[in-house]
Amino acid sequence: MNFAGKTAVVTGGSRGIGRAVCLELARGGANVALCYAGNEAAALDTVSACESSGGHAAAVRCDISDSGQVRDLMDTVLREFGRIDILVNNAGITRDGLLMTMKEQDFDAVINTNLKGTFLCMKAVARVMMKQRYGRIVNISSVVGLRGNAGQVNYAASKAGVIGMTKSLAKELASRGVTVNAVAPGFIGTDMTAAMPEAARSAVLSAIPMGRLGGPEDVAKAVAFLSSGEAAYITGQVLAVDGGMSM
Ligand code: NDP
């Protein structure tokens, strides 16, 4: 896919799915600005991997749940690259537990990062994209936002909320050449899923018709398509990348 001359912001680009998205966009020739929460070494590693594949890349530390930091991030990208064509809202966290024992701060932390962070980033780029009359926003939701999951009421609420925001903003921006879509990954092999106990992992695997975990690249390919010029007539959609799990 050709992203020459385009600038992309990828939140949570230091690791996992976000890193694979950065590499996919950079391979297509995009300038990639990634943000990360604290893992500078991983972020710099993604930057050099993007540059090895021919693109320009930069990493900015930014807590996406903080409106001031998000504004600074987008200002820095605009100063550095002049425009923002693609926003991939990928950064996310889990704080799992059954409702009866879930702490209020674990609910707030997940909503603030996954849902409010996505809102803040979309708000910070919407005007820029409207002025350009061009933009692609891709929000990373989850199969859990579609189906729910025991032990993840906070995460499921945040990811279902991301779908609601995606469809609403898609309607607001459709006439301005800006598309807004979501990708709902299933069970993807990253740090987020690595800590899962073996019994839970086998239970999830048995619910995947394809019988295997997805890789970050599987999600990145779908994100790249929705971020491309070729996806111009697709907006407000949720694309599941889950080996058939949500069928
Ligand atoms: P990882 O845990 O591997 O990586 C999370 C990324 O988000 C890191 O780059 C991290 O930065 C960044 N991040 C976390 N909090 C913040 C914050 N407050 N501000 C900025 N950046 C932050 O996650 P995955 O790659 O597994 O997941 C990526 C997305 O995909 C998430 O939204 C997740 O919910 C979603 N998803 C994942 C699935 C899976 O099976 N893995 C399934 C469905 C959805 P740092 O490196 O600095 O910590």
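**Notes on the ligand site**

1. Start with the backbone of Ala-37: one of its N or O atoms lies 2.9 Å from an oxygen atom of the ligand, a polar contact (a pair of N or O atoms within 3.5 Å). Keep in mind that this is a predicted model, where local features need pLDDT of at least 70, side-chain atom pairs count only at pLDDT 80 or more, and totals for chains, interfaces and linings use all residues. Residues are numbered from 1 along each chain as its sequence is written, and side-chain values use heavy atoms, with hydrogens and water left out.

2. Now the shell. There are 31 residues around the ligand, and Ser-14, Gly-38, Asn-90, Tyr-155 and Thr-190 come nearest (near: a heavy atom within 4 Å).

3. Helices H1 (16–27), H6 (153–173) and H7 (191–194) each supply at least two shell residues, and H7 gives the most, with 3 residues (helices are DSSP runs, H or I, of at least four residues).

Notes. A polar contact is a pair of N or O atoms within 3.5 Å; within protein, one must be able to donate a hydrogen and the other to accept it, and residues adjacent in sequence count only if both atoms are side-chain atoms.
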